[in-house]
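The following note sets out a few points to check against the structure. Please read each one with the model open.

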Amino acid sequence: MIFFLDTANLDELREAASWGVVSGVTTNPSLVAREGKVDFGSHIRAVTEIVDGPVSVEVLSMETGPMIEEARSLVPISPNVVIKIPMTPAGMGAVKVLSSEGVAVNVTLIFTPQQALLAAAAGAAYVSPFVGRLDDIGEDGVGVVGDIAQVFSMQDIGTKVLAASIRHPAHVVQCALAGADVATVPFKVLKQLFHHPLTDKGIEKFLADWEGYNKNHGR
Ligand code: G3P
């Protein structure tokens, strides 16, 4: 399982990219809106310049034709752009056309394996099940990721399972065990993944021991 960063914040992206573990980015209208007044196209271009790998950009139109037109206007921003389309009948119509043109599409707002199968049938490159939002309503988000991964594997479907709405480090491990291909994680969760008190304690001890050795040997 690889990591994408779920953000539209350039500072977070620069920092996370420097850690060498981020293979792509997912954005959505809520995340872009959090960045205040930005020129949308330039902002997305800046994102694609920071991180090598797929950058999901969501369309805002709700009808098939306008979604396709919007996607076609976003694709030239960078070869890394992946078009994010919501799971609706109109959306799947757009996925069919765009995927046949060679455009990679991430179908978002997936909450069931049935929706994931529909997205795959339309030609999606990725499906994004929302783990945390399922947990929020008392359902089993990780279970849905596992069911989708299992069905895709049994049916030999090449669409990637991109676990989204990841809220904490345990979700990351659970999604990996469930067979997700990608976890898109918020910056805060990515930072949490690095930390363990014994790692910090171990570093402190190594450095203190080395300092002691140098003192004892007059260095
Ligand atoms: O990229 C969409 C997704 O990750 C949203 O997460 O926390 O708003 O449910 P959240």
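Strands are DSSP runs of E with at least two residues, numbered from the N terminus. The model discussed here is predicted.

1. Leu109 belongs to strand 5, which covers residues 105-110. Its phi is near 60°, a positive value in a residue other than glycine. Most residues other than glycine have a negative phi. Leu109 has a relative accessible area of 30% and is therefore classed as partly exposed.

2. Asp156 also deserves attention, with a positive phi of about 55° although it is not a glycine. Asp156 lies in the loop between helix 8 (141-154) and strand 7 (160-163). Is Asp156 buried or exposed? Its relative accessibility is 72%, so Asp156 counts as exposed.

3. Two packed helices are described by the angle and the distance between their axes. For helix 5 (residues 89-100) and helix 6 (residues 113-122), the axes come within 8 Å and cross at roughly 35°. Helix 5 contributes Met92, Val95, Lys96 and Ser99 to the contact, while helix 6 contributes Leu118, Ala119, Ala121 and Ala122. By class, six of these residues are nonpolar, one is polar and one is charged.

4. Which residues surround the ligand? They are Asp6, Asn28, Lys84, Phe130, Arg133, Ala164, Ser165 and Arg167. An oxygen atom of the ligand is 2.5 Å from a side-chain N or O atom of Asp6. For the side chain of Arg133, the corresponding distance from a ligand oxygen to an N or O atom is 2.6 Å, and for that of Lys84 it is 3.5 Å. Taken alone, the ligand exposes 310 Å², of which the protein buries 82%.

Methods
Residues numbered from 1 in each chain as written. Predicted model: local features only at pLDDT ≥ 70, side-chain atom pairs only at ≥ 80, totals over all residues. Heavy atoms only, no water. Axes fitted to C-alpha atoms, helices over the stretch in contact; angles between N-to-C directions. Helix = DSSP H or I, 4+ residues; strand = E, 2+ residues; numbered from the N terminus. Contact = heavy atoms within 4.5 Å. Nonpolar A, V, L, I, M, F, W, Y, C, P; charged D, E, K, R; others polar. Near = heavy atom within 4 Å. Polar contact = N/O pair within 3.5 Å; in protein donor to acceptor, adjacent residues only side chain to side chain. Areas by Shrake-Rupley, 256 points an atom, 1.4 Å probe, with all protein chains shown as cover. Buried < 20%, exposed > 50% of the residue type's maximum accessible area, 1.4 Å probe, protein only.
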